[in-house]
Each structure stands twice: as C-alpha cells, then as structure tokens.
Amino acid sequence: MGYHYHEEQRRCWDFSTAELGSLFRKERSAYRYKIFPQHKENSILIHWRYKICDWCYEFIDHYNFDREVVGVAIYYFDHYISSQSSCESVHTKAKFQIIAVTSLFLAIKIHSTSEECLVESRSRALSRLLYDHVDPQEIYEMEMDILVLLDWRLNPPTLHQFAVNFTQLHPLGDCCSTTTSYLYEATRYQVELAIFSPELLAAFTSSIIAYAALKNAEEKIAADNPHILTDDMQQSFEALMRDPSMTIDSVAAARCQLSLKMLCPQLPGIDDFSFSDTYTDTEADSTDVYVREENVHISSISPPNVAY
C-alpha cells in the first residue's frame, strides 16, 4: 500500500510540475494580463468592476460551479475594457451589463465543471444570465467581439491554477492533510480577494500573486503551529521555484506579499475554514433560491447603485 501511495504521489508531483511549467510559459507569452489604466477619471469604472466581481461570485456560488470561472470571466472582461480607446464607450449601464454578462456567459460555457450532476445547473445558469436582461443578439455580437479581441485564446493561466499546483508541490503535503488543505484554502482566499483589485493585477503576474499568497499562508501556519512547518520544508519549496521553467522574482513576490497583507490584514486561521461543508441548491427551499437569485440580479451594478 505504501508503494502505491508513493507512486501516486510521484505522479501528482510530476503532473503539477509539468502543468506549472506550461502555466509559466503561457503567462510569459500570449496571455499577458491587460487591464485599464488606473486614472482618476476611471474611478467609476473601478467601482463598477468591484460590483461585477462580487456579483460573479454570488452567481457562481449559487449554481455550485468552480469559483475559478470568475477569474476567467474577469480576465475576459478586463481585456475587453482595456482594449477600448476611450472608457467613455463603456460608461453606460447597458454597455457595461452586456460586457459583464457576456464575459461570465462565455467563461461558464467553456470552463464550468462538467460533472453530470451540474449539467442541469449549467443550462439553468446560462438561461438565467440572459433572462430579462439583454437581447440575445447583443450577447452573440459581444461574444464574437471578445473572441476576436482575445484571438480565441480562452484558457488563461489563472490564479487558482497556480494556487492548486503550488500547494500540491509543497512539502507540507507529506505531513498533514488538514494543514495542506488549509495552505490551499488560505492561498485561494487571498487570490480571490486579489481578483477584486485591478491595481494588484496590473502590478504583478498571476504566478507572483499566487506564490505571495502561499508564502503569507506559510507565515500564518508557522505562527500558529511552529512545529509543523520546518525550515527544511520552506527551503525545499523555494529551491523548486528556482527551476528555470518556473522562476519566481523574489523581490516582486515580497512586494506582493505586503500588498496582499494590506488587502487582507488578518488571514483567517485553520479553524475558520471548513474542508467538507459545501453549499448545494438542494439545501435551500425554492423560495430561498428565488430570493438569492434576485439578490444577485445584474441590475445591481447599474450606475445609481455605485458611489461616485
């Protein structure tokens, strides 16, 4: 049994190493992140973008999809917005809604989890996105605009992908399953917050943000359980990151760690995370589901609800 366990562990390690190398190559080439300039005149756009992120997570959680879909949708959204010669072209309620709905619509179609139990939810989610919001023809036209703009490159290296693979390669995986789960959840918690921050995404690559988030999680584990995370473990992981195919800029990572700490001054402890409880539609009655859907209506991002 021990032999088979170590063989499986080795296969997982090899897979994560290969995937990380691929993610780094993507990040350095065709999938460089683009985001609109952080000018004062764009402040209303930043408010709108924050509400879009919040709405996307609410929507994805309701239908129990992988939260990574939000990162992909915001990637599409940011690239489209940054391509506009003037932000005035998207400073209307109708235009902004179309860009946001289409980005999420496209991300769900391509990246939503394909398990059989979610097939029906996927169809309902796509229908709900379009229901009573916009003309389907406008969605189709915007979808084509986004596809052409992205040159059909629809699989960006996401923060979640980096977080998953960094965690799987971490030596803590040989120590304690609960602590390993916490390492991932604490890292994921930070990178999801980072998606709300255009300043952070503009300043650092996804790999740097995910790595910095993991290092912050390491610090939290070391502070709360100093006997679990040893110096040898940390040095072993840092040595891995010196591989030419996935080199991390240590200076940029340190700066990003500080930025993430400003975004999340107090990282939740291991007791604040649940590693087994998940929300499903069947846990709520039909009235609760209806109310929740109404609460995340896309109209909530309209200009009257945004503080100037």
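Predicted model: local features only at pLDDT ≥ 70, side-chain atom pairs only at ≥ 80, totals over all residues.
Student: What makes up the secondary structure of the protein chain?

Tutor: The protein chain has 13 helices and zero strands. Helices (H or I, at least four residues) and strands (E, at least two) are DSSP runs, numbered from the N terminus.

Student: Why is Tyr75 called buried?

Tutor: Buried means under 20% relative accessible area, exposed over 50%, and partly exposed in between (1.4 Å probe, protein chains only). Tyr75 has a relative accessible area of 5%, and therefore counts as buried. Tyr75 is placed in helix H3 (residues 68–83). Neighbours within four places in sequence aside, Tyr75 is in contact (heavy atoms within 4.5 Å) with Tyr31, Arg32, Tyr33, Leu150 and Pro156.

Student: Why is helix H7 described as largely enclosed by the rest of the structure?

Tutor: Helix H7 (residues 159–169) is so described because eight of its 11 residues are buried. Among them are Leu159, Phe162, Asn165 and Leu169. In the protein chain, buried residues make up 47% of the 308 residues.

Student: How do you know that Cys56 is in no disulfide?

Tutor: A disulfide is a pair of cysteine sulfur atoms within 2.5 Å. The structure holds zero disulfides. For Cys56, the nearest cysteine sulfur, that of Cys53, is 6.6 Å away, and Cys56 is in no disulfide. Cys56 has 1% relative accessibility and so counts as buried. Cys256, at 0% relative accessibility, also counts as buried.

Student: What makes the pair Arg67 and Asp61 a salt bridge?

Tutor: A salt bridge is a side-chain nitrogen of Lys or Arg within 4 Å of a carboxyl oxygen of Asp or Glu. The side chains of Arg67 and Asp61 meet at 2.8 Å, N to O, and the pair is a salt bridge. By this rule the count comes to 10 salt bridges. Arg67 is partly exposed because its relative accessible area is 23%, and Asp61 at 23% counts as partly exposed too.

Student: Why is the pair of Glu192 and Arg67 said to tie together parts of the chain?

Tutor: Glu192 and Arg67 form a salt bridge, with their closest N and O atoms 2.3 Å apart. Glu192 lies in helix H8 and Arg67 in the loop between helix H2 (43–62) and H3, so the pair ties together parts that are 125 residues apart in sequence. Glu192 is buried, with a relative accessible area of 8%.

Student: Why are Glu185 and Arg188 said to be separated by about one helical turn?

Tutor: Glu185 and Arg188 are so described because they are three residues apart in helix H8. An α-helix has 3.6 residues a turn, so residues three or four places apart point the same way. The side chains of Glu185 and Arg188 meet in a salt bridge at 2.7 Å, N to O. Asp61, Arg67, Glu185, Arg188 and Glu192 are linked in a network of salt bridges.

Key
Residues numbered from 1 in each chain as written. Heavy atoms only, no water.
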